[in-house]
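Biologist: I'm new to this one. Can you walk me through it?

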Amino acid sequence: MNLYYQITKIGNLFHFVSNLTDWHYSVRPSYKSYWLEKTGNLSIEESGALVKAKELFIKYSFGQNFWGKVFLRRPEEDVWQIAEQNFGKEDTESFKTITNVFLPKFEKLWIEEEKLLHNWKGELEKSQSKYAQDGLVNKLDVLFNTKVKFDLQVKVILLMCSPTTIGGGGANVGPGAITLEVSRKSLNDIQFAWFNFWHELVHTYWERNKEYTGMLIEFVNKKEQDGLPSPVEKAPLKAAIGEAVIESLIPMGYLSNKYFGFDSEKYFREKTLQLRESKVNKSQSLSFWRCFSADRLFNMAKEYVENNKAIDIAYLEKVEQIIKEFK
């Protein structure tokens, strides 16, 4: 597996604006709080710009026309030209105006953030031989009943984050690339960064094979007709079930335990206690659902991995049972 790490100013500015804009359940509220604490409260102009930004994000959303496929992935010098080709002149100019509004706030952060990201790039390069294991690729092929070939480089796009997160990432920028949010995390958390890398790689490659996707969609459609609610209010049922399956494997599930010696049981116990003490609303917390479902699925994940079984309907039915327990 050949990895290429990318750090761009425009990509991180896009990421900055996206997380200030509460347009999707996956944005990080902790980032917004931390960045505004560092740069000052929103001005009237900035608040107005966020309203317009939210409209543009929702208009294109994730998927084929996601703004991030241009701003996060493309070379810095080509971004605005490609954006105009993809989104039209009017929307591109509107978005450019929005980013210019937030540029002064972003600049207060970027000098330090860029240095931190380059530090992370160096650590990831040094440690990738330990964590980018072909054996894990082969095991995922079995679990998702497919054969993934890494003939091309995987682009790892490095982004800013807050110190309070264990790190995050995304698989919304198209084939051959993922994002990792790492800047403010301690370099001692390198293992967690690699776990997130694998989690997003599963989303990008294995989860999207036709057989698994077809099975998941058919299952979710039936359960929605039966009235099964999503365990997380803002997340669609398909997303919640899909996350549960992958979370049971990695970042904190059985594959992390098997291949990297991670103490999953201890993590689930401590994380659950932490979430309960924070009095987070379970039905509004994707993090709580991820932890709860991965914990409950751990033994089943172990059984499937050790017996070379592919994820099947029985696995999804177990997730359904866990959803009912979660409520």
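**Around Leu316**

Modeller: Leaving aside neighbours within four places in sequence, Leu316 is in contact with Met215, Leu216, Phe219, Ile241 and Val245. Keep in mind that this is a predicted model.

Biologist: Which helix does Leu316 lie in?

Modeller: Leu316 is part of helix H14, residues 313–326.

Biologist: Is Leu316 buried or exposed?

Modeller: Leu316 counts as buried, because its relative accessibility is 0%.

Biologist: Switching to charges. How many salt bridges does the structure hold?

Modeller: There are 20 salt bridges. One of them pairs Lys223 with Glu320, with the closest N and O atoms 3.3 Å apart. Lys223 is in helix H9 (residues 210–225) and Glu320 is in helix H14, so the pair ties together parts 97 residues apart in sequence.

Biologist: Are Lys223 and Glu320 buried or exposed?

Modeller: Both Lys223 and Glu320 are buried.

Biologist: And what does Glu243 form a salt bridge with?

Modeller: Its partner is Arg290, and the closest N and O atoms are 3.4 Å apart. Glu243 sits in helix H10 (residues 237–247) and Arg290 in helix H13, 47 residues apart. Glu243 counts as buried at 12% relative accessibility. Arg290 is partly exposed, at 22%.

Biologist: What about Lys258?

Modeller: Lys258 forms a salt bridge with Glu306, at 3.1 Å between the closest N and O atoms. Here helix H11 (residues 254–260) holds Lys258, helix H13 holds Glu306, and the two residues are 48 apart. Lys258 is partly exposed at 37% relative accessibility. Glu306 is partly exposed too, with 39%. Elsewhere, salt bridges that share partners join Glu112, Glu113 and Arg184 into one network.

Biologist: H13 again. At what angle do H12 and H13 pack?

Modeller: About 145 degrees, with the axes 10 Å apart. H12 covers residues 264–277 and H13 covers 286–306. The crossing is left-handed.

Biologist: Which residues meet there?

Modeller: From H12, they include Phe268 and Leu275, and from H13, Phe288 and Phe298 are among them. The residues of this contact divide into six nonpolar, three polar and three charged.

Biologist: Last topic, the loops. Where is Asn308 found?

Modeller: In the loop between H13 and H14. Asn308 has a positive phi of about 55 degrees, although it is not a glycine. Asn308 is partly exposed, with a relative accessible area of 48%.

Biologist: And what is the phi of Ser61?

Modeller: Ser61 has a positive phi of about 50 degrees, and it is not a glycine. Its place is the loop between helix H3 (44–60) and helix H4 (68–71).

Methods. Residues are numbered from 1 along each chain as its sequence is written. This is a predicted model: local features need pLDDT of at least 70, side-chain atom pairs count only at pLDDT 80 or more; totals for chains, interfaces and linings use all residues. Side-chain values use heavy atoms; hydrogens and water are left out. Axes are lines fitted to C-alpha atoms, for helices over the stretch in contact, and angles run from 0 to 180 degrees between N-to-C directions. Helices (H or I, at least four residues) and strands (E, at least two) are DSSP runs, numbered from the N terminus. A crossing is left-handed if the near helix is turned anticlockwise from the far one by less than a right angle, and right-handed if clockwise. Contact means heavy atoms within 4.5 Å. Ala, Val, Leu, Ile, Met, Phe, Trp, Tyr, Cys and Pro count as nonpolar, Asp, Glu, Lys and Arg as charged, and the others, Gly among them, as polar. Buried means under 20% relative accessible area, exposed over 50%, partly exposed in between (1.4 Å probe, protein chains only). A salt bridge is a side-chain nitrogen of Lys or Arg within 4 Å of a carboxyl oxygen of Asp or Glu.
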